[in-house]
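Hello,

Here is the structure I said I would pass on. My notes on what turned up in it follow below the model.

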Amino acid sequence: MKKKEKTNVMRVLDSRKINYIEHYYGDTDAVSGTEVITALGQNSEQAFKTLVTTGKSGQHYVFMVPVAKELDLKKAAKAVGEKSIEMLKSKELLGLTGYIHGGCSPIGMKKFFQTTIHETAKNFETIMFSGGKIGFQVELSFDDLKKVIPVDVADICK
């Protein structure tokens with residue numbers, strides 16, 4: 001039997017004594033957020049993808065949006081006080097955050113970036129997002145996420 005693997009995200013949550021549920025989907029062909037949530041049999045509205053952006057100022061920002069939705073770049077820029085933002089290029093993600101595309105989590109990045117989550121996160125008892133490695137999701141309360149990293153809330157979806 002395969003030993004249960006702990007990701008960096010899980011180690012951070014454990015060290016803060018934060019309760020969470022881990023979900024493993026590595027035995028599937030799921031790639032996109034919606035495929036992952038379907039494979040896990042979960043509600044796509046309470047599952048969030050983590051997107052990293054660059055503002056006109058050169059600052060980086062993290063946005064969490066429901067997996068079936070798209071980030072509205074204008075709303076996102078307004079939420080963080082930038083004139084404009086653009087998505088970070090995939091090839092820059094690992095060096096900046098320590099995560100690869102498909103396994104990026106707001107918890108445990110190389111350094112903290114201002115993080116904003118879509119306002120619907122407040123509507124659920126728990127939310128899900130990447131466990132920091134492809135094949136892993138973590139589920140915890142929004143209040144517990146705020147105990148680990150500061151998170152702003154805004155309407156940032158199209």
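The model is predicted. I start with the nonpolar cores. The largest of them has 29 residues, and the members with the most contacts inside it are Leu13, Ile117, Ile127, Phe129, Val138, Leu140 and Leu145. At least two residues of this core come from each of helix 1, strand 2 (48-55), strand 3 (60-66), strand 6, strand 7 and helix 5. Another core lies apart from it and has twelve residues, including Tyr61, Val65, Ala77 and Ile156. As a general point, nonpolar side chains tend to be buried together in soluble globular proteins.

Leaving out residues up to four places away in sequence, Leu145 touches Met64, Ile107, Ile117, Ile127, Phe129, Leu140 and Val151.

Three strands form an open sheet in the order 1-7-6, with antiparallel pairing. Strand 1 and strand 6 are the edge strands, each pairing on one side only. On average, and ignoring direction, neighbouring strands in this sheet are turned by 25° against each other. Four bridges join strand 1 and strand 7 in the antiparallel sense.

Two helices go with this sheet. Helix 1 lies across strand 1, strand 6 and strand 7, and runs at about 25° to strand 7. Helix 2 (residues 33-40) packs on the sheet, touching strand 1, strand 6 and strand 7, and its direction makes about 75° with that of strand 7.

Which residues of helix 1 are buried? In helix 1 (residues 8-15) they are Val9, Met10 and Leu13. These residues are on the same side of helix 1, because they cover an arc of only 95° around the axis. The cover over them includes strand 1 (21-24), strand 6 (127-130), strand 7 (136-140) and helix 5 (142-148). After helix 1 comes Lys17, with a positive phi near 55°.

His23 has its place in strand 1, and Gln137 is its bridge partner in strand 7. Is His23 buried or exposed? The cut-off for buried is under 20% relative accessible area, so His23, at 13% relative accessibility, counts as buried. The side chain of His23 makes a polar contact of 2.6 Å with the side chain of Glu139. Not counting residues up to four places away in sequence, His23 touches Leu40, Gln42, Met128, Gly135, Phe136, Gln137 and Glu139.

Regards

Conventions. Residues are numbered from 1 along each chain as its sequence is written. This is a predicted model: local features need pLDDT of at least 70, side-chain atom pairs count only at pLDDT 80 or more; totals for chains, interfaces and linings use all residues. Side-chain values use heavy atoms; hydrogens and water are left out. Buried means under 20% relative accessible area, exposed over 50%, partly exposed in between (1.4 Å probe, protein chains only). The arc is that of the directions from the helix axis to the C-beta atoms. Contact means heavy atoms within 4.5 Å. Two strands pair if DSSP finds at least two bridges between them. Axes are lines fitted to C-alpha atoms, for helices over the stretch in contact, and angles run from 0 to 180 degrees between N-to-C directions. A polar contact is a pair of N or O atoms within 3.5 Å; within protein, one must be able to donate a hydrogen and the other to accept it, and residues adjacent in sequence count only if both atoms are side-chain atoms. A nonpolar core is a set of buried Ala, Val, Leu, Ile, Met, Phe, Trp, Tyr and Cys residues joined through side-chain atoms within 4.5 Å.
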